[in-house]
Amino acid sequence: MSNDQTDEKTGPQRPMELALAEAAAAAARGEVPVGAVITGPDGNIIARAGNRTLELKDPTAHAEILAIREACRILGSERLIGCDLHVTLEPCPMCAGAISFARLRRLYYGAADEKGGGVDHGPRIFAQATCHHRPDVYGGISERRAATLLRDFFAMRRD
């Protein structure tokens with residue numbers, strides 16, 4: 001799938017724009033700038049979230065987890081079959097596990113996370129024999145913007 005798609009119903013670009021807005025809002029709250037959006041089988045937005053680990057005093061309050069929880073609540077199911085997740089950073093192992101358990105259809109992510117990622121880096125959760133569900137994975141969606149947001153956030157924290 002091309003990184004240039006802009007159709008709101010079928011392409012990952014519009015949901016990634018919203019995920020980037022969630023990431024920017026997280027940064028404004030002092031949270032690591034990661035945002036996530038879940039779309040339904042019809043391409044409509046179901047849930048969106050940004051990191052809230054500091055605010056909620058909860059190490060599991062990653063954008064992906066919060067969006068999954070909200071989408072499950074809205075749909076009234078623990079499974080998000082046919083739904084897609086758009087997130088600005090490669091999910092960590094915890095989030096990759098939740099993505100698998102939720103049975104998300106596709107994962108679109110922005111920036112790769114060589115240090116903390118769990119999809120294409122680190123433990124590669126979906127490649128493990130014990131993984132029961134593997135979504136289709138598309139990395140590099142709005143990668144430059146997502147990486148810049150993260151880089152600028154941490155540069156400001158160091159100053």
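Which residues are linked in a network of salt bridges? In this predicted model, the network is formed by Arg29, Arg52 and Glu55.

**Salt bridges**

The structure contains seven salt bridges in total. Three of them are set out below, each with the separation of nitrogen and oxygen.

| Pair | N to O distance |
|---|---|
| Arg48 and Glu22 | 2.9 Å |
| Arg29 and Glu55 | 3.6 Å |
| Asp84 and Arg105 | 2.9 Å |

The side chains of Arg48 and Glu22 meet in a salt bridge. Because Arg48 belongs to strand β2 and Glu22 to helix α1 (residues 13-28), this pair ties together parts that are 26 residues apart in sequence. Arg48 is partly exposed at a relative accessible area of 40%, whereas Glu22 is buried at 16%.

Arg29 forms a salt bridge with Glu55. Arg29 sits in the loop between α1 and β1 and Glu55 in helix α2, so here too the linked parts are 26 residues apart in sequence. Arg29 is partly exposed, with a relative accessible area of 32%, and Glu55 is partly exposed at 43% relative accessibility.

Asp84 pairs with Arg105 through a salt bridge. Asp84 lies in strand β3 and Arg105 in the loop between α4 and β4, so the pair ties together parts that are 21 residues apart in sequence. Asp84 is buried, its relative accessible area being 5%, while Arg105 counts as partly exposed at 27%.

Asp113 is located in the loop between β4 (106-111) and β5 (136-138). Asp113 is buried yet has no salt bridge; the nearest side chain of opposite charge belongs to Lys115, 7.8 Å away. Not counting residues up to four places away in sequence, Asp113 touches Leu89, Glu90 and His121.

**Cysteines**

The structure holds zero disulfides. Cys72 is buried at 16% relative accessibility, and Cys83 is buried at 2%.

**Helix α3**

Helix α3 (residues 63-75) comprises 13 residues and reaches 18 Å from its first C-alpha to its last, close to the 18 Å expected at 1.5 Å a residue. Its buried residues are Ala63, Glu64, Ile65, Leu66, Ala67, Ile68, Ala71 and Cys72. These buried residues pack against β1 (35-39), β2 (45-50), α2 (53-56), β3 (84-89) and α4 (93-102). Just after α3, Gly76 adopts a positive phi of about 70°.

**Helix α5**

The 16 residues of helix α5 (residues 143-158) should span 22 Å at 1.5 Å a residue, and the 23 Å between its end C-alpha atoms agrees with this. Within α5, Ala146, Ala147, Leu150 and Phe153 are buried. They cover an arc of only 130° around the axis, which means that they lie on the same side of α5. An α-helix has 3.6 residues a turn, so residues three or four places apart point the same way. On the other side of α5, Arg144, Arg151 and Met156 are exposed.

Glu143 is also found in helix α5, and at 38% relative accessibility Glu143 counts as partly exposed. Leaving aside neighbours within four places in sequence, Glu143 is in contact with Gly110, Ala111 and Ala112. The C-alpha atoms of Glu143 and Ile45 are separated by 21 Å, with the two residues 98 residues apart along the chain.

Definitions and conventions:
Residues are numbered from 1 along each chain as its sequence is written. This is a predicted model: local features need pLDDT of at least 70, side-chain atom pairs count only at pLDDT 80 or more; totals for chains, interfaces and linings use all residues. Side-chain values use heavy atoms; hydrogens and water are left out. Helices (H or I, at least four residues) and strands (E, at least two) are DSSP runs, numbered from the N terminus. Buried means under 20% relative accessible area, exposed over 50%, partly exposed in between (1.4 Å probe, protein chains only). Lys and Arg count as positive and Asp and Glu as negative; His and the chain ends are not counted. A salt bridge is a side-chain nitrogen of Lys or Arg within 4 Å of a carboxyl oxygen of Asp or Glu. Contact means heavy atoms within 4.5 Å. A disulfide is a pair of cysteine sulfur atoms within 2.5 Å. The expected span of a helix is 1.5 Å times one less than its number of residues. The arc is that of the directions from the helix axis to the C-beta atoms.
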